[in-house]
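Hi everyone, thanks for coming. Today I'd like to walk you through the salt bridges in one protein. Let's bring it up on the screen.

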Amino acid sequence: MKALYKISFTLLMLFTMTAVGLAQNLVPNPSFEDTVYCPTSFNQLNATLFWYSPNNGSSDYFNSCNNQTSTVGVPQNDFGYQYAKTGNAYAGWGNYHSLNSNAREYLQIQLTSALISGKKYFVSAYLSKSDSMPVAIKDIGIALSDSAIGNLTGTTIYYTPQIIYSSFLTNTDWVELYDTIIANGGEKYLTIGYFKDDNSSDTINLFNSQSYNYQSYYYVDDVNVNCLNCSTGIDDISSLDKINIYPNPSSDFINVFWGALIVSKLTLFNSMGQIVLTVDKKNLQNKNSLTIKLNSFNKGAYFLKIENEKFSTVNKIFLINN
């Protein structure tokens with residue numbers, strides 16, 4: 001019964017996000033909160049709904065529900081000490097091992113719907129290096145594919161990811177990996193991992209460790225795929241060019257300018273699809289712009305839903321870098 005309740009809650013959240021008009025996050029269970037059972041050891045990614053290992057690797061699931069042992073707990077576990085970015089859970093995977101040639105782990109999930117050809121999508125995930133593993137790697141990626149990719153050997157999956165963290169990821173705090181892509185159409189699987197073999201790997205050792213521990217391990221939380229122009233309905237498509245957000249990125253404030261358009265409502269969402277600000281019609285009358293202060297919002301990506309009198313919408317994205 002508990003698993004059924006979790007599934008129903010996930011579907012309810014997806015329906016709610018669709019109903020408010022923002023292009024929904026196409027990743028079900030994006031922050032790994034929905035559980036099948038509380039993890040007790042390594043290699044239990046199947047303890048969280050919808051996620052799985054695509055190459056027979058031993059990807060892991062961490063949850064604060066494990067209060068009997070620190071092996072896969074939150075914040076303490078065998079790979080380090082890290083609180084969840086959102087909620088009480090996250091996942092983790094190994095990317096490189098000095099004594100195990102081309103050993104790789106990945107995380108894969110099927111999106112709730114396939115990407116639409118020619119549409120622009122915002123893709124992101126929060127990553128954190130484990131503080132007990134000494135190796136940092138370069139070019140962690142997020143791949144979107146029209147069919148499931150993988151192997152049965154626990155080794156490198158050869159695929160070119162669309163989203164790449166092009167620097168060495170050394171930060172043990174949560175760092176957002178994000179970019180926008182134009183979909184080819186039909187992409188319905190998302191895979192997170194390291195798509196290079198040992199011969200082409202870029203690694204650095206950050207501290208001394210026993211030789212068998214010269215490996216790279218990362219945590220992941222809050223995975224998102226959002227369409228930026230799927231719900232546009234303003235009759236004159238040139239009106240899109242009249243809606244501007246500046247400065248972008250920003251740390252203090254943003255200006256939203258819509259000129260002669262009649263705007264009836266502004267709604268601001270964080271990258272998880274949660275409403276953080278609403279400005280209604282009475283506060284927008286006889287205006288052609290609005291300034292929004294950002295000092296109360298966290299760093300990251302945000303979506304601004306702009307509605308006109310005909311209930312058409314435009315979604316804009318901006319970044320807070322404070």
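Let's begin with Lys-196, which is partly exposed because its relative accessibility is 24%; here buried means under 20% relative accessible area, exposed over 50%, and partly exposed in between, with a 1.4 Å probe and protein chains only. Before we go on, please keep in mind that this is a predicted model, where local features need pLDDT of at least 70 and side-chain atom pairs count only at pLDDT 80 or more, while totals for chains, interfaces and linings use all residues. Residues are numbered from 1 along each chain as its sequence is written, and side-chain values use heavy atoms, leaving out hydrogens and water.

A salt bridge here is a side-chain nitrogen of Lys or Arg within 4 Å of a carboxyl oxygen of Asp or Glu. Lys-196 and Asp-139 come to 2.5 Å, N to O. That pair joins distant parts of the chain, 57 residues apart: Lys-196 is in the loop between E10 and E11, and Asp-139 is in strand E7, residues 135–145. Strands are DSSP runs of at least two residues, numbered from the N terminus. Asp-139 counts as buried, at 15%. For Asp-202, the closest N and O atoms to Lys-196 are 4.0 Å apart, and Asp-202 is partly exposed at 30%.

Now over to Arg-104, which forms a salt bridge with Asp-198 at 2.9 Å between the closest N and O atoms. Arg-104 is buried, with 1% relative accessibility, whereas Asp-198 is partly exposed at 24%.

Note on methods
Helix = DSSP H or I, 4+ residues; strand = E, 2+ residues; numbered from the N terminus.
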